[in-house]
Amino acid sequence: MGGLAKEILQGAARGGYSQGMLQTVLQGGAVGEVSPFRDTYLKAFRFMLLARILDEKFASLYRAAKIHGGVFLGRGQEALSVSVGYSLRPGDVFAPLIRDAAGRLAFGEPVLDSVRTYLGSPLGPMRARDGNVHRGRPEAGLLPMISHLGAMISVVNGVLLARRLKQIPGSVGAACVGEGATSTGSFHEALNQAAVEKLPLVLVVANNQYAYSTPTARQFACDSLLDRAQGYGVEGHAVDGTDLEGCLKVLELAVARARAGNGPQLIEASLLRLCGHGEHDTAEYVDAKLKASSLGRDCLKIAEQSALHQGWTNSETIAVWRAEAVQKVEDAVAMVQREAGPDPFEESWQALSTRDLSEGNE
Amino acid sequence: MSITYLEAIREAQARALADDPRVFIYGQDVGAFGGAFKATKNLAAEFPGRVLDAPISEDAIVGLGVGAAIEGMRPILEMQFADFSTVGFNQIVNQAATLFWRTNLPCPITIRLPFGGTKGGGPFHSQSLEAIYAHYPGLIVMTPATVEDAYSMLLEAVALDDPVIFCEHKLLYYHLKAEQLPTEAFPVGKARIAREGRDMTIVTYSAMVHEALEAAGELALEGWQVEVVDLRTIKPLDTDTVMASVARTGRLLCVGESWPWGGSPPK
Ligand SMILES: Cc1ncc(C[n+]2csc(CCOP(=O)(O)OP(=O)(O)O)c2C)c(N)n1
């Protein structure tokens with residue numbers, strides 16, 4: 001286990017943050033012959049598996065009314081999400097969105113961060129002040145999203161521009177959005193801004209065919225969102241979001257091109273949300289034809305089949321990985337459930353860091 | 001030597017840029033052109049690479065400022081007119097104003113808002129939005145009335161670890177002058193008694209301080225001693241100074257330029 005994760009486990013992070021990079025470490029190796037891509041693929045697969053199991057745990061805690069507020073899952077989007085987190089390296093910036101459990105883990109977010117945020121533990125990174133997917137560790141490059149769609153992209157731009165001003169070369173910033181968020185003014189302003197400044201931004205659009213209940217036909221009128229890349233003057237990449245190999249490769253390429261100074265990269269991944277908008281949503285509006293199409297394939301199952309088919313691993317090993325992931329999640333939940341909730345009377349309600357200028361400071 | 005309110009704002013930015021490598025300026029036309037009101041005149045040449053023209057994207061301007069602040073910078077963001085800050089409203093009130101409370105990470109950004117009524121301004125170049133921003137607990141709102149305050153408060157705004165909405169009155173830009181820049185300043189959040197009097201208190205800020213002083217001068221001819229309190233920052237609001245003054249005079253008149261319903265004066 002990484003230094004930071006260990007520290008958090010010991011509850012040492014209360015009210016403050018540890019410096020340094022995030023780390024979610026997976027133990028154990030794979031079987032078969034050594035090939036770098038095989039290694040990448042299997043690691044990414046294991047983060048997908050862990051994310052799916054974590055998501056499912058949150059869904060069951062939600063059904064048991066153990067979580068206050070919404071639960072938002074990334075089912076069906078893990079291949080894309082993990083590829084984003086995996087393609088980044090320490091020192092990069094990542095602004096995930098609501099369906100990015102896999103990407104967060106691959107970027108290094110500890111399982112405990114998500115469990116503590118969902119269960120409202122003051123020991124979590126948001127100190128129980130915000131819940132579910134609104135979490136991050138900005139000092140480690142993981143930006144905590146605000147709900148307002150599209151709003152995080154220009155914040156990533158700001159980190160990247162600051163790095164440029166500080167003459168820290170080589171950083172890449174990735175932001176994830178759904179296709180619905182591409183209709184916001186924020187999205188437009190920020191992508192244009194990144195293009196004008198030629199920032200190393202990788203903007204990943206998960207086109208999961210629905211924004212809550214709204215189908216793409218009611219969201220935009222262009223044939224493909226990638227048509228917009230040219231309009232913004234940025235490079236665009238399309239990918240099948242259900243295909244782990246394709247996602248890993250396209251993200252690796254886009255991140256490398258951004259890092260090499262080729263400016264913003266726009267990625268559109270086609271896939272289908274295999275869950276409700278949130279766990280409160282039965283999503284009956286999803287077209288059965290889409291579910292039956294190749295968009296509706298479960299990326300986790302395909303990744304598993306493909307790994308087996310290539311002879312990169314075997315089902316026994318996967319069963320062990322699955323059991324380990326379940327254990328990791330169960331341990332984290334059991335631990336956090338024993339942690340005391342926030343105490344409103346102990347809590348500081350000051351919204352300014354300059355204490356004597358804050359309201360309620362009398 | 002004499003210096004205008006606008007020049008003081010330019011000088012404060014020059015000094016902030018000179019003193020602190022973390023400071024940069026971002027806004028529409030602020031670069032080689034020097035800003036719509038010339039508040040950044042020559043700064044792009046004096047501080048190459050640190051005074052950057054932005055596209056007409058107030059949302060992304062503020063978002064970028066927040067990201068830079070997360071990365072340890074101290075951006076000064078210029079809105080061409082206060083009125084257009086509403087396009088960046090979401091980033092100001094939801095991103096900047098909540099960052100510290102959510103993450104414990106400070107958000108040292110200064111957003112400059114040229115505001116207030118001037119002749120011919122019309123409905124979209126005259127607004128006074130200080131009350132709206134003051135509503136949000138994560139924002140500081142400064143409304144300097146004097147050349148000295150314009151200078152020293154802007155430097156304080158940049159030095160503070162929190163987001164500051166810096167409201168500079170366009171009416172004062174060119175005609176308000178001082179002999180020199182100040183070397184010391186009142187603390188942030190402290191109101192100033194601009195004129196002493198025992199019969200009535202006028203509480204006001206920004207350009208209306210000067211109207212109030214003029215009125216007080218006229219009333220003095222009729223024998224009334226009017227006290228004028230210049231709030232300087234409307235958030236935080238220095239109620240101690242206001243209450244103490246009203247306790248002495250027994251009468252209070254609040255004067256402001258913003259719309260009356262929910263404006264700063266009623267507060
Ligand atoms: C600016 C804004 N408007 C509305 C919402 C409410 N909202 C939250 S998620 C969502 C749908 C988002 O769809 P999309 O961007 O396609 O992402 P997906 O949920 O499909 O992953 C909406 C409308 C919001 N969060 N922000």
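A word on conventions before we look at its partner: residues are numbered from 1 along each chain as its sequence is written, while chains are lettered from A and ligands numbered from 1 in the order in which they are written. The model is predicted, so local features need pLDDT of at least 70 and side-chain atom pairs count only at pLDDT 80 or more, whereas totals for chains, interfaces and linings use all residues; side-chain values use heavy atoms, with hydrogens and water left out.

## Confidence

For the complex, the predictor gives an ipTM of 0.97 and a pTM of 0.94. Chain B has a mean pLDDT of 96, and 99% of its residues reach 70 or more (pLDDT is the predictor's confidence in each residue, from 0 to 100). Where pLDDT is low, predicted coordinates should not be read in detail.

## Salt bridges within the chains

Over all chains, the search of the whole structure finds 32 salt bridges (a side-chain nitrogen of Lys or Arg within 4 Å of a carboxyl oxygen of Asp or Glu). As background, side chains of opposite charge can pair when their charged atoms come close.

Asp240(A) is paired with Arg297(A), their closest N and O atoms being 3.2 Å apart. This pair links distant parts of the chain, 57 residues apart: Asp240(A) sits in strand β6 (residues 235-240) of chain A, and Arg297(A) in the loop between α10 (288-292) and α11 (299-309). Helices (H or I, at least four residues) and strands (E, at least two) are DSSP runs, numbered from the N terminus. Arg297(A) is partly exposed, because its relative accessible area is 34%.

In chain B, Arg248(B) forms a salt bridge with Glu227(B). Arg248(B) belongs to helix α9 (residues 239-249) and Glu227(B) to strand β11 (residues 226-230), so the pair ties together parts that are 21 residues apart in sequence. The two ends contrast in accessibility: Arg248(B) is exposed at 51%, whereas Glu227(B) is buried at 2%.

Chain A also holds a network of salt bridges that links Arg52(A), Glu78(A) and Asp298(A).

| Arg163(A) | Glu71(B) | 2.7 Å |

## Where the chains meet

How many residues of each chain are in contact with the other? Chain A contributes 43 and chain B 42 (contact means heavy atoms within 4.5 Å). Together the two chains bury about 3600 Å², 61% of it on carbon and sulfur atoms; buried area is the accessible area (1.4 Å probe) that two parts lose on being put together, summed over both.

Across this interface the rule finds 18 residue pairs in polar contact, both residues at pLDDT 80 or more. A polar contact is a pair of N or O atoms within 3.5 Å; within protein, one must be able to donate a hydrogen and the other to accept it, and residues adjacent in sequence count only if both atoms are side-chain atoms. On the side of chain A that touches chain B, the elements giving two or more residues are α6 (151-165) and α7 (185-197) of chain A. The largest share, 11 residues, comes from α6(A). By type, this side divides into 20 nonpolar, 13 polar and 10 charged residues. Ala, Val, Leu, Ile, Met, Phe, Trp, Tyr, Cys and Pro count as nonpolar, Asp, Glu, Lys and Arg as charged, and the others, Gly among them, as polar.

The rule finds 2 salt bridges across the interface. Glu71(B) counts as buried because its relative accessibility is 16%, while Lys166(A), at 35%, is partly exposed.

A polar atom of the Arg129(A) side chain lies 2.8 Å from the backbone oxygen of Trp101(B). Leaving aside neighbours within four places in sequence, Arg129(A) is in contact with Glu347(A), Ser348(A) and Trp101(B).

How values were computed: Buried < 20%, exposed > 50% of the residue type's maximum accessible area, 1.4 Å probe, protein only.
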